[in-house]
Amino acid sequence: MAEMKNPEETTKTLSRRDLIKGVIAAGAVSSAGYLFRASGVRAQQPSAAGSVERLVTITVNGQQRRVDVMKQETLATTLRYKLGLTGTKLGCDRAECGACTVLIDDVPHYSCSVLTQSVRARKVVSIEGLASADGKLHPMQQGVVEEQGFQCAFCMSGFIMSAVGFLKVNPKPTRTELAHGISGNLCRCQDYDKILTALLKGAENMRRA
Amino acid sequence: MPTNKVNVPNYRFIGKNYTTPDMVAKVTGKSKYAEDFRAEGMLFCKLLLSPMPHARVKRIDASKALALPGVKGILTADELPPPAAFITDDGVMIPPDPRAERGLTNEPLYQGEPILAVAAVDEETAAAAIELIEIDFERLPFAVDPLVTLSPGGPNTRNEGNVWVVPPPAPPKPGERPAGPLLPDVKEFKWTDAEYAEYKQGKLPVSKPSMEWSYGDIDAGFKKADLVMDETFVTPNTSDQTLETRTAMAYWQNGKLFVHCSTQSTAQTVPAIARWMSMDTTNVVVISEYTGGGFGSKVTSGIILTVPALLSKKVNAPVMLRISREEEHFLGRARPGLHGRMKAGFTKDGRIVALDMFVVCDGGPYGPQGDANASGRIVSLCYTPENMRWRGINVITNTPPRGPQSQPGGAQGVMIMEPLLSNAARKLGLDQVAIRRINAPSGKAGIGPAIKGKRDHVTSAFVPEALDKGAELFRWNERKNQTKKSGTKARGIGVAVSAYSAGSIGFDGLFVIKPDGKIYVQTGIGNLGTEAMIDCQRVVAEVLGVPWERLEITWGSTAKHLPWSCPSGGSQTIHAMTRAAHAVSMDAKLKLQEIAAMDLGGKPEDYEVGGERVYRKGGGAGMSLAQAAQRAIKLGGKYDGHELPPEIAKMTKASATALAGQGLLAVAKDKYKRDGISNSYVAGFAEVEVDLETGTYRITDYVGVADVGTVIHPRAFGGQMFGRTSLGWGHALAQKWVYDQHYGAPLAKRFYQNRPPTILDVPVSNFKWAAVDIPDPETPVGARGIGEPPVGAGASAVLNALADALGEQIYRRAPVTADIILMALETGKPGDEPLTAHI
Ligand code: FES
Ligand code: FES
């Protein structure tokens, strides 16, 4: 963060773009990923030597999808705005809440903080990929339905993906273990009791399935 | 898990768990929230936010921005419709308020207030355009701490002053209806030097108030008192922080405005938008199928949605405004912090005989906020002081706009009162449950001021019962003698009582029984996650005796012919809309009985409704709901909705008219009588364990017992008990704003800086809830809301438990963080700064 200037001088002295550039230079995921680009208007610049290929193939929910991706584009943006998979939510866009969690090669990741370019040739599963093609719910989804888990559900897909990922390494967690396993997800409705009960029910369903 | 049960006899659906019909869409990701909608040719816009806490825009040069390829247009405050008078559906005139918040401004009153917006083909282009805009600002005086602006010579926070003053309403002339609300005025309030000196000593001066009320005679009360306590307590400002920000998308079609937004109340958002846009309500369509949390911050969505709406009109394309998490900090509303000074007189047995309450409300720039007054009303109800005076100042500060947050004002009132009550019990040698029980409201308890010698009262209160039940579940008597300290750990237990409004009246119900025999229920309630929208409809199945699966519920778009429904704020819904559901079900029942009598002979009252039929009592002739629906269409008139009752609201009338002729149309306004104001109550019990070496603590165990009348849907109810309690715990544990006072700049704007409790911060395996299960006597199915009182109980039970573990000299404000505890343990004095805001 740049130093706070005198109020006389604070008039937009710190340009957001300067900040973003700084962040990119530092190698972190850029907030520009959040700024969604639908058109080619500002993407006309010729690709510099060594720059990345724009057309990439990623495997999403078992399907190979070929998409035109900016180099700073986050996976959440690609899923939501290029592939129409809006079940993945953005609660913060800065790795603070987990609403955007998806599985990448079976491991939960915050998709707001993963560059789409980095998941070529990897398997991405979002909430839309859990139920089977005939609409039969995944046992975890079934557990949440059975227990009426969550309230507004804006955090729900992230929690479900985290839980499914965690259960791959610990299929029979205790209540406390599962709580730790999903503690990277924030629920602002905060009904954590029923959330945990529902996800444990899902875990039980998964073991039985 | 805990044996969380309710005990409601003789109902088939009410009080039973079931799966709400929106669950499958939620778990599969198919549920669409505002940001999930796309429209053909949709543009994006970005906001330019004020970098200063108070300034005037002198000049805007957007030429470079407008020249950028892909930029479609700019919107400034000059293009907003001027504030106009608005006549509500029931004829009340809301006067135009030049000081009210608008979507954009030329005089930003807080850092982060939107100045202008740019629409472009994509967000990156819009953001780049924003960077190219040049603005000259003139700096104006500001204060982010309410006590700084009250100090002698302190800066004013608005040009005309620093405190809201609401003129008393003019008495109605005989025969005329009362006038609408009067506009609040802004005046300058400053302390005297003596008051400032008291502030310097860490005490909140009781200075000239901008509002006051009382009942009884507090001087006489204090004379009777055996113990008089005088304490100051400061509650935090906390952002509502809904996980879904207030993103909105708007477009126009044939002069009609369509808005996809995030709102707590679908039907009620129509007049709100109409007022903000200076439009007719019939030209506004609100689409909100799923809302990612509200907590009071989105009662009728947010005024920022006028920005994409106006831009869309200007550039003639759909426009989406995505609100980032940081922008949400500015626009997302917050609970105003209250500084409270409380003087209370007790008799030896703990009865409160006099209470003198004074609060300073940190109200942000737009207001005035109701929290200040509500804090007094709730304290007067929760602890039933025999004599009371309440005084307050609604201070304007250059910080983001406040709004309601679960138990607005009530939570702060409880947090101010509870530590004092605990200290009084210790001084008097009384048990903490006993002192609350002797002061607890019961029956038609009084609330608020005496007006012409008479106080309002509540519909019912069973707080002693809630305390008894909670003490038993918590094993209070056993645990109060437990050893507090062992090694490096200390344990303590606390109890707190809380209350809040829990229901309004007078809304409409609407459904159609179609020839397929199904009941198509229309609802204008918002879908904000509490499931109240659906739970209320259980009453329809209950009254008509039809299987739940035969109900189809339509919600989420006012283009789908929805009735006038209550705002889902202040926990009104389960009360207001079970009443409306009951009224409309009774209307259907009567129509079914009349149709049966017409066709099959006899009188309407000879017929019974149940089992998807209307049939003669004691068996015999009857017809199915499907047949009755056919007959209703043939009969026309009131039976199929071609004739409507005069008392239903304008929106309901239009919706019913659109649905007429499709079957048996039932429509009714809730006209049931109610004696008293509906309030709900919670008694909370907490245990904490403090690590004496690090100052950290955790809540090890919690019991909440609610007095809410009939519980409609136990699991949803339990969700609210845990969720709202947890929101309260956040106030005790960690949540607050932090400001750089010198620059008026907020420092805690994101989750990681202002973190709500996570699953690891709450006793997720040691939480019990229960209800006293006594129906409210003033409403058909006896149900009241639960969304509010758990907050204050949760926060205060934890703070009281901390004091039990460590002693009184720990804190004078909330939240209580590890550093405060360590400092207190080290010095033997409270470890916090007494009065400064936002630190
Ligand atoms: S949106 Fe990715 S962590 Fe919050
Ligand atoms: S259920 Fe609303 S944020 Fe988790």
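**Interface and local features of the predicted model**

Contact between the two chains draws 64 residues from chain A and 81 residues from chain B. The structure is a predicted model. Chain A and chain B together bury about 6,300 Å², and 57% of that area is on carbon and sulfur atoms. Polar interactions also cross the boundary. There are 26 residue pairs in polar contact between chain A and chain B. H6(A) gives the most, with 5 residues. By residue class, the chain A side divides into 28 nonpolar, 17 polar and 19 charged.

Salt bridges were examined next. The interface of chain A and chain B holds 4 salt bridges. One of them pairs Asp36(B) with Lys89(A), whose closest N and O atoms are 2.5 Å apart. Over all chains, the whole structure has 66 salt bridges.

Within chain B, Arg59(B) and Asp136(B) form a salt bridge at 3.0 Å, N to O. Arg59(B) lies in strand E2 (residues 55-61) and Asp136(B) in strand E7 (residues 134-139), so the pair ties together parts of chain B that are 77 residues apart in sequence. Both partners are partly exposed. The relative accessible area is 36% for Arg59(B) and 35% for Asp136(B).

A second pair in chain B joins Lys480(B) to Asp431(B), at 3.1 Å from N to O. Lys480(B) is partly exposed, at 32% relative accessible area.

Another pair stays within one helix. Lys591(B) and Asp587(B) meet in a salt bridge at 2.8 Å, N to O. Both lie in helix H17 of chain B, 4 residues apart, about one turn of the helix. Lys591(B) is buried, with a relative accessible area of 5%. Asp587(B) also counts as buried, at 18%. Elsewhere, salt bridges with shared partners join Arg80(A), Lys89(A), Glu35(B), Asp36(B), Glu123(B) and Arg322(B) into one network.

Backbone geometry was then considered. Most residues other than glycine have a negative phi, and most peptide bonds are trans. Asp105(A) has a positive phi of about 50°. This residue occupies the loop between strand E3 (101-104) and strand E4 (107-110) of chain A. Asp105(A) is partly exposed, with a relative accessible area of 35%. Ser571(B) likewise has a positive phi, near 50°. Its place is the loop between strand E27 (551-554) and helix H17 (573-600) of chain B. Ser571(B) is buried, at 14% relative accessible area.

Cis peptide bonds occur in chain B. One joins Gly367(B) and Pro368(B), with omega about -5°. Pro368(B) is in the loop between strand E19 (352-362) and helix H10 (371-382). Another joins Ala814(B) and Pro815(B), with omega about 0°. Pro815(B) falls in the loop between helix H21 (790-806) and helix H22 (818-827).

Ala814(B) is also a contact of Thr235(B). Beyond residues up to four places away in sequence, Thr235(B) touches Gly337(B), Leu338(B), Gln412(B), Met415(B), Ile416(B) and Ala814(B). Thr235(B) is in the loop between strand E11 (227-234) and strand E12 (238-239) of chain B. At 4% relative accessibility, Thr235(B) is buried.

Terms used
Residues are numbered from 1 along each chain as its sequence is written. Chains are lettered from A and ligands numbered from 1 in the order in which they are written. This is a predicted model: local features need pLDDT of at least 70, side-chain atom pairs count only at pLDDT 80 or more; totals for chains, interfaces and linings use all residues. Side-chain values use heavy atoms; hydrogens and water are left out. Contact means heavy atoms within 4.5 Å. Buried area is the accessible area (1.4 Å probe) that two parts lose on being put together, summed over both. A salt bridge is a side-chain nitrogen of Lys or Arg within 4 Å of a carboxyl oxygen of Asp or Glu. A polar contact is a pair of N or O atoms within 3.5 Å; within protein, one must be able to donate a hydrogen and the other to accept it, and residues adjacent in sequence count only if both atoms are side-chain atoms. Helices (H or I, at least four residues) and strands (E, at least two) are DSSP runs, numbered from the N terminus. Ala, Val, Leu, Ile, Met, Phe, Trp, Tyr, Cys and Pro count as nonpolar, Asp, Glu, Lys and Arg as charged, and the others, Gly among them, as polar. Buried means under 20% relative accessible area, exposed over 50%, partly exposed in between (1.4 Å probe, protein chains only).
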